[in-house]
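This report concerns a pocket and a cavity. Please examine the sequence and the structure shown here before reading on.

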Amino acid sequence: MSDTGTALHCANTRARWTALDLPAGDLPNDDAVFSRVTSSGGEINVSEPVTAGRIEELLDVPVVGARNAVWDPYGVGGVRVPDGVRVVPLPVMVRPPGPLPLTGDVVVTAVGTQAELDLAEEVIVNGFPRPELQPWTPGCLLPAHTLHRPGWRTWLARRDGVPGAAGVSFDDGASVGAYWLASLPAMRAGGLASAVMTALVNARPGLPSVLVATPAGQALYERLGYRTVSSGCWYMRGR
């Protein structure tokens, strides 16, 4: 299940990046890795198991923008990490198909307008947080075309009409990937993040769901039925 689950995550991530229409620039793209230049710098994603030496080669790619980051979801060991590169281990998690029960009084919607997309993006940037994207400006993370891109949904949770949590899902036909789940500090521990996850899982209950967990979110995901399939690793240069 480990390799299969990690491969589902890799395929979903690659499809989501393709849907974003981000340029590859001078970064590498081949069967084993794929790259994009984001608003915060260059990001390289490993999409199949590689050697430690291959990771080291990717870490030598020239810095693009504010930072360069390499994501290895398979967690290759023995990598010689250059000075100035920060290592951040994060688990890849998979949930088998099946719906989640609805609970609480949180209203979650899939955004359908530019104004709602802006609200959700602001929650993600300030709630995650994403310091490299602050101060928040519209479109810095979620381009307008994601409103109409097949498979892409941006979710916004409100309590008593007040936005408090948001996230993104991408359905590539084989799995539903959950990305950038965030709650504003004043709205945490109120069930909003759980409500977003419930909505995106229940939108396609017949598919497995994949994600990469932060330490703050892992316990929530485990309660929702996600299980760790591999120990991934971010290598980050710059801020």
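## The second largest pocket

What volume does the second largest pocket have? Its volume is about 180 Å³. A pocket is an open set of points on a 1 Å grid over the protein atoms alone, with protein on both sides within 12 Å along at least five of seven lines, and lining residues have an atom within 4 Å of a point. Of the 14 residues that line this pocket, Leu102, Thr103, Val106, Val108 and Ala195 are the closest to its centre.

The largest contribution, four residues, comes from α4. By class, the pocket lining comprises seven nonpolar, six polar and one charged residues.

## The cavity

One cavity of 30 Å³ or more is present in the structure; a cavity is a set of grid points where a 1.4 Å probe fits but cannot get out. The volume of the largest cavity is about 50 Å³. Its lining consists of Ile44, Leu58, Leu59, Asn68, Ala69, Val70, Val85, Tyr235, Met236 and Arg237.

The elements α2 (52-59), β3 (67-72) and β10 (227-238) each give two or more residues to the cavity lining. This lining has eight nonpolar, one polar and one charged residues.

## Basis of the values

The model is predicted: local features need pLDDT of at least 70, side-chain atom pairs count only at pLDDT 80 or more, and totals for chains, interfaces and linings use all residues. Residues are numbered from 1 along each chain as its sequence is written, and side-chain values use heavy atoms, with hydrogens and water left out.

Helices (H or I, at least four residues) and strands (E, at least two) are DSSP runs, numbered from the N terminus. Grid points are joined across faces, edges and corners, and a volume is the space filled by probe spheres set on the points. Ala, Val, Leu, Ile, Met, Phe, Trp, Tyr, Cys and Pro count as nonpolar, Asp, Glu, Lys and Arg as charged, and the others, Gly among them, as polar.
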